[in-house]
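Student: Could you walk me through the aromatic residues of this model?
Tutor: Gladly, let's look together.

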Amino acid sequence: MIRSMSKNGLILGGFALVCTAVVALTNQLTAERIEHQHQQEKLSTLSALLPPGTYDNDLVASCRLVTDPEYLGSSKPQPLYVAKQGQQISGYALETVAPDGYSGAIRLIVGFTPDGKITAVRTLAHNETPGLGDKIDLKKSNWIERFRGRFLTRENERSWAVKKDGGDFDAFTGATITPRAVVKAVKRVLELNARHPERLETAPLCSEKGE
């Protein structure tokens, strides 16, 4: 009986080892596939923010990390992608957080030129109310496209608000908090670029932070 139990134990142990190896191999293959898909999605988003033809470098490899809670809405470092033609910077794509969304933080990425002109804005993640606040998502409406081509100056600073607050941006029926939060977050990115461009220029590479 003892031999039988030992034999069964060895069989179960061997079976467990085989299962563990299969699971580990599956996870490795799946992780590689997921990472590849993630990179493709990132490139697609960056191409919308920084149109092809305006840069000749590898945008993903250009990733830097900017830490600035005052302007970026989070104490965590935010990825910055630097577009270049030759050695000349032609644009930026900077992730930021609108911490005051209706249903929590809203993650955005803002594309802009070095002189502060918006090329595009995209919503990366949010928990806003379906049918109301989720209109910040390009899949739901084209509202987010209203930032394209805009810039910030002392003269037009007041226009960077929703119409209810005296600005130029439409709010959503029954949902003013969400667009207000997004407009403020995008405006802060332009303020960072205008007031502290050196923080973008000297930000450490993502690879230096173990990314």
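Student: Is W143 buried or exposed?
Tutor: A word on the source: this is a predicted model, where local features need pLDDT of at least 70, side-chain atom pairs count only at pLDDT 80 or more, and totals for chains, interfaces and linings use all residues. Residues are numbered from 1 along each chain as its sequence is written, and side-chain values use heavy atoms, with hydrogens and water left out. Buried means under 20% relative accessible area, exposed over 50% and partly exposed in between (1.4 Å probe, protein chains only). The relative accessible area of W143 is 2%, so W143 is buried.

Student: How many aromatic pairs are there?
Tutor: Rings of Phe, Tyr and Trp (its six-membered ring) pair if their centres lie within 6.5 Å; planes under 30 degrees apart count as stacked, over 60 as edge-to-face and the rest as tilted. By this rule, the number of aromatic pairs is six.

Student: Which kind of pair do Y92 and F112 form?
Tutor: Their centres are 5.4 Å apart. With 35° between the planes, the pair is tilted.

Student: Which kind of pair do W143 and F172 form?
Tutor: The ring centres of W143 and F172 are 5.3 Å apart. Their planes meet at 75°, so the pair is edge-to-face.

Student: Which residues form one aromatic cluster?
Tutor: W143 and F172 both belong to the cluster.
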